[in-house]
Amino acid sequence: MTEEAKWAGIDIAREGDDNCVFTLRQGGKVIYMDSWGKTDLMESTGIILQKIERFGIDPKNVNLDAVALGAGIYDRLREQKVYINGIIAGGEPMDKEHYVNSRAEMYDNLRKRFEAGTISIPDDQDLIAQLSSIRFKIASDKKLQIVSKEEMKRTYHLKSPDKSDSLALAFYEPEIKNPQIRWL
């Protein structure tokens, strides 16, 4: 029997009430979750590198929220030749027919896992509250859309769902694209 691959999802924050969150899963089970706050990007990069090494995670199975502050960490990791997946939540989903963006696809993937009973998460009240606070709507083209973090904060007076975003990233398995080399 072969051991299932480990996957990690990382949501990045720096200031305010938000936290960086690192979630590690093996198969359908979350085996580790950690959060930290009030660190600069280089310290967060070091923390992430330590965790990748400590848990023996293949960098191709690490998904990082590469928007805003996460872009700096993503760039620094690439500079160090640690090639993880930079996920743009507002970017193009793998299934363009059903989802507005990657974030909607990630959260619907989680929903399906919960419904099928193929996911095991820690008994963490913050995580559970964040998961239950995610709101969705259907766009005019019938695609699923998740209400943005900004709208969640403004309309529902909710905090950023750092833990649930990290969980969604940990369970996302993006298509690996091999770029074509073109000679000019």
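Q: Which residue follows α1, and is its phi positive or negative?
A: Gly 56 comes after α1, and its phi is positive, near 60°. Bear in mind that this is a predicted model, in which local features need pLDDT of at least 70 and side-chain atom pairs count only at pLDDT 80 or more, while totals for chains, interfaces and linings use all residues. Residues are numbered from 1 along each chain as its sequence is written, and side-chain values use heavy atoms, with hydrogens and water left out. Helices (H or I, at least four residues) and strands (E, at least two) are DSSP runs numbered from the N terminus.

Q: How many residues does α1 have, and what does it reach from first C-alpha to last?
A: α1 covers residues 41–55, which makes 15 residues, and reaches 21 Å from its first C-alpha to its last, close to the 21 Å expected at 1.5 Å a residue; the expected span is 1.5 Å times one less than the number of residues.

Q: What's at the start of α1?
A: There, a side-chain oxygen of Asp 40 comes to within 3.0 Å of the backbone nitrogen of Met 42.

Q: Which residues in α1 are buried?
A: Leu 41, Ser 44, Thr 45, Ile 47, Ile 48, Lys 51, Ile 52 and Phe 55 are buried, where buried means under 20% relative accessible area, exposed over 50% and partly exposed in between, with a 1.4 Å probe and protein chains only. Seen down the axis of α1, these buried residues fall within an arc of 160°, so they line one face of the helix; the arc is taken over the directions from the helix axis to the C-beta atoms.

Q: And which are exposed on the other side of α1?
A: Gln 50, Glu 53 and Arg 54 are exposed there.

Q: What do the buried residues of α1 pack against?
A: They pack against the strands β1 (6–11), β2 (20–26), β3 (29–36) and β4 (62–65), and also against α2 (69–79), with contact meaning heavy atoms within 4.5 Å.

Q: Switching to the sheet, what order do its strands have?
A: The sheet is open, has five strands in the order β3-β2-β1-β4-β5, and shows mixed pairing. Its edge strands are β3 and β5 (85–87), each of which pairs on one side only, and two strands pair if DSSP finds at least two bridges between them. The twist averages 20° from one strand to the next.

Q: In what sense do β1 and β2 pair, and over how many bridges?
A: They pair in the antiparallel sense over six bridges, and Lys 6 stands opposite Gln 26 in β2. α1 packs on the sheet, touching β1, β2, β3 and β4, and its direction makes about 155° with that of β3; axes are lines fitted to C-alpha atoms, for helices over the stretch in contact, and angles run from 0 to 180 degrees between N-to-C directions.

Q: How about β2 and β3, over how many bridges do they pair?
A: They share seven bridges in the antiparallel sense, with Trp 36 in β3 as the bridge partner of Cys 20. Their hairpin has two residues between the strands, and Gly 27 takes a positive phi near 65° in it. β2 itself is mostly covered, since six of its seven residues are buried.

Q: Where does Ser 166 lie?
A: Ser 166 lies in helix α6 (residues 162–170) and counts as buried, at 0% relative accessibility. Not counting residues up to four places away in sequence, Ser 166 touches Gly 9, Ile 10, Asp 11, Val 21, Phe 22 and Thr 23.

How values were computed. A polar contact is a pair of N or O atoms within 3.5 Å; within protein, one must be able to donate a hydrogen and the other to accept it, and residues adjacent in sequence count only if both atoms are side-chain atoms.
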